[in-house]
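Here is a friendly walk through this model, written for someone opening it for the first time. Please keep the structure in view and follow the points in order.

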Amino acid sequence: MEQINLNTKIVVCNYDELNDTEKKLINTAKEACGRAYAIYSNFRVGCAILLDNNEIISGNNQENVAFPSGICAERTTLFYANSRYPDQKPLMMAIAAFTNDNFTELSITPCGACRQVILEAENRYKSPVRILLYGKKKIYIIESIKNLLPLSFDESQLNPSV
Ligand SMILES: [Zn+2]
């Protein structure tokens, strides 16, 4: 029997340590929280994605009384970016959340379904998506969703003999 240990790398920093592009992306994600449709959870999540053409797309969570019919901010935003600009790879995304009259102290992280969708974007565009997870105290920077989704399922497993 053997054991596999998986390592992941997350950079932790403060807002002041970010460059102007990163700050703008975080601010856009925070603004998008204000437009979320989150009347059931009151957990308003905003996402902003920087595309290769320098366009920034933002979105937020969209809830539904039939809970599974709602969708997270990350997928709302990424699907819109992909549908609006299918030829522009996403370079970087920022995620923020607002609840109880304030932004969260700690970073919030994408759910499993969103991680899988971000992985699809990385594979589709053959390029990592840098992820900024905003928290008032600390910001997490992740260079690729693969750091948050080890042993991920991808196309190579559909055709294992290839
Ligand atoms: Zn999600």
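1. **Ring pairs.** Let us begin with the aromatic side chains: there are three aromatic pairs in this predicted model. Rings of Phe, Tyr and Trp (its six-membered ring) count as a pair if their centres lie within 6.5 Å, with planes under 30 degrees apart called stacked, over 60 edge-to-face and the rest tilted. One of the pairs joins F98 and F103, edge-to-face, with 5.0 Å from centre to centre and 80° between the planes. The rings of F103 and Y134 are also edge-to-face, because their planes stand at 90°, with the centres 6.1 Å apart. This second pair connects distant parts of the chain, as F103 is in strand β5 and Y134 is in the loop between β6 (130–133) and β7 (139–142), 31 residues apart.

2. **Basis of the model.** Before going further, a word on what is counted: this is a predicted model, in which local features need pLDDT of at least 70 and side-chain atom pairs count only at pLDDT 80 or more, while totals for chains, interfaces and linings use all residues. Residues are numbered from 1 along each chain as its sequence is written, and side-chain values use heavy atoms, with hydrogens and water left out. Helices (H or I, at least four residues) and strands (E, at least two) are DSSP runs, numbered from the N terminus.

3. **The ring cluster.** Which residues do the ring pairs link into a cluster? They are F98, F103 and Y134. F103 and Y134 are both buried, whereas F98 is partly exposed at a relative accessible area of 26%. Here buried means under 20% relative accessible area, exposed over 50%, and partly exposed in between (1.4 Å probe, protein chains only).

4. **Charges over rings.** F103 has a further neighbour: K30 lies over the face of its ring, 4.8 Å from the ring centre. Elsewhere, the charged end of R84 sits over the ring of Y85, at 4.5 Å from its centre. The rule asks for NZ of Lys or CZ of Arg within 6 Å of the ring centre and within 35 degrees of the ring normal.

5. Side chains of opposite charge can pair when their charged atoms come close. Searching the whole structure gives three salt bridges, each a side-chain nitrogen of Lys or Arg within 4 Å of a carboxyl oxygen of Asp or Glu. R130 bridges to E22, with the closest N and O atoms 2.5 Å apart. E22 counts as buried because its relative accessibility is 7%. R130 also pairs with E143, at 3.1 Å between the closest N and O atoms. E143 is in the segment after β7, 13 residues from R130.

6. **Another salt bridge.** K136 pairs with E105, and their closest N and O atoms are 3.2 Å apart. K136 belongs to the loop between β6 and β7 and E105 to the loop between β5 and α3, 31 residues apart. K136 is partly exposed at 37% relative accessibility, and E105 is partly exposed at 36%.

7. **The zinc site.** Which residues hold the zinc ion? Its protein donors are the SG atoms of C72, C111 and C114, at 2.2 to 2.3 Å. Donors are N, O and S atoms within 2.8 Å of the metal (3.2 Å for Na, K and Ca); water is not among the atoms, so sites may look incomplete. Along the sequence the donors follow the spacing C-x38-C-x2-C. C72 is in the loop between β3 (56–60) and α2 (73–84), and C111 is in the loop between β5 (102–103) and α3 (112–125), 39 residues apart. C72 is partly exposed at 23% relative accessibility, as is C111 at 32%.
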